[in-house]
Amino acid sequence: MNQSSGMERQPRRRSLTAKQAGLTLLIALVLSILAGTIELALDARAMQREIVNETRVRLDLVHGTAAEAAFQLNPELAEQVVNGLFQGGPVASVAIRDDFQRAMAERQRETEPTANRFAQALFGDILHYRKTLYYQAGTHATPQPIGELSLSLAIDSLAYDFSQRSLLIFSLGVVKALAIAALLALVFHWFVTRPLLKVHAAIAATDPHHPGRWPKPAMGRHVNDELGHLVASVDQLLQAFQRGLDQRDQLHQISTIDGLTGIANRRHFDTFLHQEWQRAQRSDHAISVSFIDIDHFKEFNDHYGHVAGDDTLRAIAEALTRVVHRASDLVARYGGEEFVCVLPGTDLEGAELVAERIQKEIRDLDIAHEHSTRSGRVTASFGVASSKPAHGGSSCEALLAQADGQLYRAKRQGRDQVAVQN
């Protein structure tokens, strides 16, 4: 089975600039075709007028010479006129006849001109010309008709000339359209697409955990238009998300952190212990709990006041965190002057060592306590218990009960000591 068959095929991403350029090019091509068609139709009419005017001018230019040849019955002069007309353009046939319709000189192409229906429609009605030749014997004499000059244009030559002109016009139109399309695409990319891509890149680079710190792009000239308003709206939305995340974090902190000491509270402790108990069951490792109770703390508060009591609780919480600093461990305020440590992956011997280090750290604080029954300084009692859930450990509640029992044993034995389960 093909390994990739089980994976979803990601759609191929297409560039916005490429789409914009393609659409602009398509519109330009369509418009160039329409404009070219109109321009070709106008050019066809202009070409018809040009052909008619040029042919009539040429006939007018040779009229006098042709009339002289017909009056004098001079075939050589007539032949010169015919050859000149025949060689001067797309002519199919030329003839000079006298007043009895006798040919004095004529010339025509060896092959008959042929053309399609389109050429016939364009030039079929402007191919044949007849001009009566008049000769005036004297200054005051009346011009008399003495013959006829006829000329026929070659329709295939006219069609070829038109096709060449059309190709040039159409090509220039397409080139102009493509140039305009490229210019429009460039301008549109610079003023619209490029700022949009900057906004997209900024959003894509935003840290989802800190959306309010997104790299807001500078819009420059777009500050007061739709792009600027878009960035402002996105910024407002991300800032609202950030406020929501901050409120969530604050609520989480309130629900899991003890407000006085800054360490975990009872709620967090309960959740953490159950999670670590289940993890210990799956991974077959030990978990230990140590209860810590400040000795004679009620008397300390009564004598030194609650402000000093609060300062002492904070100092002891800091001492605990200096000793218990592994990421997998937890220090929490269990309630009042009582603290608790959860030590996953630590057996009873290791937990006892940790408790003794905490005990020394508290002693080193050297906080005066006149009502202490032993040293005259603030001390604490410790109850330590350990269990391996995968090997007969009943429950985390039973582990807590064992640690609590050891704590009371330490108090009964005189306080300021570490009691460990047997």
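Reply: A polar contact here is a pair of N or O atoms within 3.5 Å; within protein, one atom must be able to donate a hydrogen and the other to accept it, and residues adjacent in sequence count only if both atoms are side-chain atoms. The model is a predicted one, so local features need pLDDT of at least 70 and side-chain atom pairs count only at pLDDT 80 or more, while totals for chains, interfaces and linings use all residues. Residues are numbered from 1 along each chain as its sequence is written, and side-chain values use heavy atoms, with hydrogens and water left out.

Let's start at Asp258, in the loop between helix H5 (226-256) and helix H6 (266-283); helices (H or I, at least four residues) and strands (E, at least two) are DSSP runs, numbered from the N terminus. Asp258 has 13% relative accessibility and therefore counts as buried (buried is under 20% relative accessible area, exposed over 50%, partly exposed in between, with a 1.4 Å probe and protein chains only). Its side chain makes a polar contact of 2.7 Å with the side chain of Thr261. Leaving aside neighbours within four places in sequence, Asp258 is in contact (heavy atoms within 4.5 Å) with Ile263, Ala264, Asn265 and Arg333.

Arg333 takes us on to a sheet. The bridge partner of Arg333 in E7 is Phe339. Strand E6 and strand E7 (residues 338-344) pair in the antiparallel sense over 5 bridges; two strands count as paired if DSSP finds at least two bridges between them. As a reminder, strands of a sheet pair through backbone hydrogen bonds, either parallel or antiparallel.

Now step back to the whole sheet. It is open, has 5 strands in the order E6-E7-E5-E8-E9, and its pairing is mixed. Strand E6 (330-335) and strand E9 (418-420) are the edge strands, each pairing on one side only. On average, neighbouring strands are turned by 20 degrees against each other, direction ignored. For such angles, axes are lines fitted to C-alpha atoms, for helices over the stretch in contact, and angles run from 0 to 180 degrees between N-to-C directions.

Helix H8 (residues 306-323) packs on this sheet, where it touches strand E5 (287-294), E6 and E7; the direction of H8 makes about 10 degrees with that of E7. H8 also packs with helix H7 (residues 297-304), at an angle of about 135 degrees and with the axes 7 Å apart. H7 and H8 are therefore oblique to each other (under 35 degrees is roughly parallel, over 145 roughly antiparallel, 65 to 115 roughly perpendicular and the rest oblique). On the H7 side, the contact is made by Phe297, Phe300, Asn301 and Tyr304, and on the H8 side by His306, Ala308, Gly309, Thr312 and Leu313. By class, this contact has 5 nonpolar, 4 polar and no charged residues; Ala, Val, Leu, Ile, Met, Phe, Trp, Tyr, Cys and Pro count as nonpolar, Asp, Glu, Lys and Arg as charged, and the others, Gly among them, as polar.

One last stop is Gln421, in the segment after E9. A polar atom of the Gln421 side chain lies 2.6 Å from the backbone nitrogen of Ser386. Not counting residues up to four places away in sequence, Gln421 touches Leu348, Val384, Ala385, Ser386, Gln402 and Gln406.
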